[in-house]
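User: I have a chain open here and would like to talk through its fold. Could we start with burial and then move on to the strands?
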Amino acid sequence: MNTKNFLYISLFTALFATSCKKDDAPAYDSNVKADLSVEFDNVVGAADLALNTGSYTNAAGESFTVTKLKYYVSNFVLTRTDGTVYTVPQKDCYFLVDESDENTHEPLLSIPEGEYKTISFLVGVDSLRSTMDLSQRTGNLDPAGVASDMYWTWNSGYIFFKMEGTSPASTMMGEYMYHIGGFGGMTSSTINNIKKVTLDLTARGVPQVKSGKSTNIHLMVDVLKMFNGSSNVSIAANPMVMFDPYSTTIANNYSAMFRHDHTEN
Ligand SMILES: [Cu+2]
């Protein structure tokens, strides 16, 4: 077709698309709260994560399995497409994603109706909450309950990220374990592994949060990035990392494991 016709058609299509969009956009009431779930879909590279049975290979060429994967996500903040920010009330905002328990994979937030362009959260537990009285650390943060496996009593600190498995490369009876924490508040150490993750939602589907419907932000969490990052982690060199300066390398790597895949509106 000639250029003129092409321009007309393009213009028409653009107008049609715009008007369609306007018609479809629901009216939002920012005084009304609605559900938004955030799905943490754990994968290893291109493969789904299969606990115990899946075998994977890291950038150091070491094969490994994953027998345990747990991490805290907390302090969710969402930015609307108009730039205004909503901070989810902190006390409702601590979640422990446990690969072995499907009920933990989709934390549910209650946020004002609207469209949101970014989501951010901490991987871990903020220092303020970590040092609060036990009465303020219930539910997912209860060291005698859900958090019993994610807590160091000797420094009143949470383990933010825990990954364990087997690998022939390990010199530690064929096993590896990474227990990463550190909120920067200990007197004997200033290790701070609290990581803030911010994800753009515009490229893969802006969530349209509206009461009466459920909206889901589907994130892919690639645990292979824990090994393969700005500094590659070798199981042979570091089969066990806990409260140790090297933990910062692992935390830096895993802070890059989250990406927005799609949104179910
Ligand atoms: Cu999905």
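User: What share of the residues counts as buried?
Analyst: This is a predicted model, and in it 32% of the 265 residues of the chain count as buried.

User: How many helices and strands are there?
Analyst: The chain has four helices and 17 strands.

User: And what is the average pLDDT?
Analyst: The average pLDDT of the chain is 91, and 88% of the residues score at least 70. Residues 19-23 fall below 50, and this stretch has zero contacts in the model beyond near neighbours in sequence.

User: Which residues have the most contacts inside the largest nonpolar core?
Analyst: They are Tyr72, Phe160 and Val223, in a core of 57 residues. Strand S5 gives the most to this core, with six residues. As a general point, nonpolar side chains tend to be buried together in soluble globular proteins.

User: What does valine 223 touch?
Analyst: Leaving out residues up to four places away in sequence, valine 223 touches Asn42, Val44, Leu49, Val66, Leu69, Met163 and Met257.

User: Back to S5. How many bridges join it to S9, and in which sense do they run?
Analyst: Strand S5, residues 68-80, is joined to strand S9, residues 114-123, by six bridges, and the two run antiparallel. Within that pairing, serine 74 has leucine 122 of S9 as its bridge partner.

User: Which strand pairs with S9 over two bridges?
Analyst: That is S14, residues 208-209, in the antiparallel sense. The bridge partner of glutamate 115 there is glutamine 208. S9 also pairs with S13, residues 195-200, in the antiparallel sense over six bridges. In S13, aspartate 200 is the bridge partner of threonine 118.

User: Parallel or antiparallel, how do S1 and S15 pair?
Analyst: Strand S1 (residues 33-44) and strand S15 (residues 215-222) pair in the parallel sense, over eight bridges. Valine 38 stands opposite isoleucine 217 in S15. S15 is also joined to S17, residues 258-264, by six bridges, and these two strands run antiparallel. In S17, glutamate 264 is the bridge partner of asparagine 216.

User: Changing topic to helix H4: which of its residues are buried?
Analyst: In H4, residues 247-254, the buried residues are Ser247, Ile250, Ala251, Asn253 and Tyr254. Seen down the helix axis they fall within an arc of 160°, so they line one face of H4.

User: What do those buried residues pack against?
Analyst: They pack against strands S9, S11 (157-166), S12 (175-181), S13 and S16, and also against helix H3.

User: Where is isoleucine 235, and is it buried or exposed?
Analyst: Isoleucine 235 is in the loop between helix H3 (224-227) and strand S16 (240-241). It counts as buried because 24 C-beta neighbours lie inside 10 Å. Not counting residues up to four places away in sequence, isoleucine 235 touches Glu62, Phe64, Ser167, Ala169, Ser170 and Tyr176. Its C-alpha atom is separated by 10.0 Å from that of tyrosine 178, 57 residues apart along the chain.

User: What share of the contacts joins residues at least 24 apart?
Analyst: Among contacts between residues at least 6 apart in sequence, 75% join residues at least 24 apart.

User: One last topic, backbone angles. What is phi of asparagine 52?
Analyst: Phi of asparagine 52 is near 70°, a positive value in a residue other than glycine. Most residues other than glycine have a negative phi. Asparagine 52 is in the loop between S2 (47-48) and S3 (56-57), and it is exposed, with 11 other C-beta atoms within 10 Å.

User: And methionine 173, where does it lie?
Analyst: Methionine 173 lies in the loop between S11 and S12. Its phi is near 55°, again a positive value in a residue other than glycine. With 7 C-beta neighbours inside 10 Å, methionine 173 counts as exposed.

Terms used. Residues are numbered from 1 along each chain as its sequence is written. This is a predicted model: local features need pLDDT of at least 70, side-chain atom pairs count only at pLDDT 80 or more; totals for chains, interfaces and linings use all residues. Two strands pair if DSSP finds at least two bridges between them. A residue is buried if 20 or more other C-beta atoms lie within 10 Å of its own, exposed if 12 or fewer, and partly exposed in between; C-beta atoms are placed from the backbone. Two residues are in contact if their C-beta atoms, placed from the backbone, lie within 7 Å. pLDDT is the predictor's confidence in each residue, from 0 to 100. A nonpolar core is a set of buried Ala, Val, Leu, Ile, Met, Phe, Trp, Tyr and Cys residues joined through C-beta atoms within 7 Å. The arc is that of the directions from the helix axis to the C-beta atoms.
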